[in-house]
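Please read this briefing beside the sequence and the three-dimensional view.

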Amino acid sequence: MKAMKKRLFATTCEGEDAFLYTLSNQNGVQADITNYGGAIVNLLLPDRAGKLADVVLGYDTLAGYETDKAYFGGIIGRFANRIAHGRFTLHGVTCTLSRNNGDNSLHGGAIGFNKRLWTAKEISSNGAPALELTYLSPDAEEGYPGNLSARVVYTLTPQNELKIDYSATTDKNTVLNLTNHSYFNLAGQGEGDILGHGVTIHARHFTPVNANLIPTGEIRSVKGTPLDFSRMATIGSRISADDQQLKLAGGYDHNWIPDREGDRALVLAAEVHEPGSGRVLEVFTSQPGVQFYSGNFLDGTIRGKQGNVYQRRYGFCLETQHYPDSPNHPDFPSTELQPGQHYRETTVFRFSAR
Ligand code: GLA
């Protein structure tokens, strides 16, 4: 195991120091993670010839993350994706959330977990560098009930896996849906759009949305639609097809339901292959859903790392999660967390090249 390096990233607007932690392995894989929002800032990966490139979109400076509106690389909480009208009812109690997406609450509200300074601790598990991040979200933060104690551990394994273990407890009934919002471009950040990446999603169903990108409640088959990625297809091959769901979202921005047998087991939810470099990303998760987002809202207004301007569809996300707006859909897998229960989810990003 190589030692983890730590350096000052910068001081936040509130005058606190944020750090960058470097997790690296024998194969040249390197992840730089900041305790500001838990963002994965850089991720260096070899291509099929061993050449390294940084495959995540992001910023060179902490200030970039403090003003970011695209959620680059960060931990999303308390609730990934949208909650309709910023409102839900739990055991007869109505909770009103901060609304930051029209009438909806998106990715935790105005100041989500991606904008909080987490407490970092270098730990190691099975000989692999690991970074523990903890954050205590006070009762009523962004409208969510309960003091929530959240813990996220990033581990880089010798097998070129970046593993993310999420856990949490609460002292009041609440809802929780944590994810990571990294935008990948396996050719390298800033190296054009992601339309030529090949994608497989091992899911027969998805949750269709309305015009506000809120699930209608239906669980729909992907069969015969451009959302069918059960066989590898490039992102660009059908993205402009005449399909109502693609039109509503301006591309792919939907929750797929990975096929699974056990409830809790890690399953291979998706695979992405970039033909030029040969880089491959496989996503394994314990979660019941994965949001495949094709970077439709990127519009060239963000200047990111090394001066790169991120145009539309310059990155894609695979956000493992519970279904959006679950608290308002009793038929969806429950996102409720009660006192005494332990929230635990795991996602593994496994990288290779071929
Ligand atoms: C998720 C959402 C998108 C968008 C991005 C961030 O993927 O589903 O609609 O909000 O996050 O821009």
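Predicted model: local features only at pLDDT ≥ 70, side-chain atom pairs only at ≥ 80, totals over all residues.

Residues are numbered from 1 along each chain as its sequence is written, and side-chain values use heavy atoms, with hydrogens and water left out. A search of the whole structure finds 23 aromatic pairs, nine strands form an open sheet with antiparallel pairing, and three cavities of 30 Å³ or more are present.

**Aromatic rings**

- Rings of Phe, Tyr and Trp (its six-membered ring) are taken to pair if their centres lie within 6.5 Å, and the pair counts as stacked with planes under 30 degrees apart, as edge-to-face over 60 and as tilted for the rest.
- Among the 23 aromatic pairs found in the whole structure, F72 and Y183 form an edge-to-face pair, with 4.7 Å from centre to centre and 85° between the planes.
- This pair links distant parts of the chain, 111 residues apart, since F72 lies in the loop between α1 (62–67) and β6 (75–76) while Y183 lies in the loop between β16 (179–180) and β17 (198–201); helices (H or I, at least four residues) and strands (E, at least two) are DSSP runs, numbered from the N terminus.
- Both F72 and Y183 are buried, where buried means under 20% relative accessible area, exposed means over 50%, and partly exposed lies in between (1.4 Å probe, protein chains only).
- The rings of Y293 and F297 have centres 6.0 Å apart and planes at 40°, so this pair is tilted; Y293 counts as buried at 4% relative accessibility, whereas F297 is exposed with a relative accessible area of 52%.
- Ring pairs link F9, Y59, Y65, F72, Y183, Y293, F297 and Y310 into a cluster.

**Charges over rings**

- K6 lies over the face of F19, at 4.3 Å from the ring centre, and R238 lies over the face of F229, at 4.7 Å from the ring centre; the criterion is that NZ of Lys or CZ of Arg is within 6 Å of the ring centre and within 35 degrees of the ring normal.

**The nine-stranded sheet**

- The strand order in the open sheet is β11-β12-β13-β14-β29-β23-β22-β17-β20, where two strands pair if DSSP finds at least two bridges between them.
- β11 (119–125) and β20 (233–234) stand at the edges with a single partner strand each, so one side of each is left without a neighbour in the sheet.
- β17 and β20 run antiparallel and are joined by two bridges, and V199 has A233 in β20 as its bridge partner.

**Strand β14 and its partners**

- Strand β13 (residues 148–156) pairs with β14 in the antiparallel sense over nine bridges, in which Y154 has I164 of β14 as its bridge partner.
- β13 and β14 form a hairpin with four residues between them, and N160 in the turn has a positive phi of about 60°.
- β14 also pairs with strand β29 (residues 343–353) in the antiparallel sense, over eight bridges, and the bridge partner of A168 in β29 is Y343.
- β14 is mostly covered, with seven of its ten residues buried.
- S167 is found in β14 (residues 161–170) and counts as buried at 10% relative accessibility.
- Leaving aside neighbours within four places in sequence, S167 is in contact (heavy atoms within 4.5 Å) with S149, A150, R151, H342, Y343 and R344.

**Backbone geometry in loops**

- A cis peptide bond with omega of about 0° joins G77 and R78, and R78 is found in the loop between β6 and β7 (82–83).
- H85, which is not a glycine, has a positive phi of about 55°; H85 lies in the loop between β7 and β8 (87–90) and is partly exposed, with a relative accessible area of 38%.
- Q306, also not a glycine, has a positive phi of about 50°; Q306 is found in the loop between β25 (302–303) and β26 (309–310) and is exposed, with a relative accessible area of 66%.

**Enclosed space**

- A cavity is a set of points, on a 1 Å grid over the protein atoms alone, where a 1.4 Å probe fits but cannot get out, and lining residues have an atom within 4 Å of a point.
- The largest cavity holds about 50 Å³ of space, a volume being the space filled by probe spheres set on the points, with grid points joined across faces, edges and corners.
- The largest cavity is lined by Y36, G37, A39, Y65, D68, Y71, F72, G74, N114 and K115.

Definitions and conventions: 1 Å grid on protein atoms, 1.4 Å probe; cavity = no way out; pocket = protein on both sides within 12 Å on 5 of 7 lines; lining within 4 Å.
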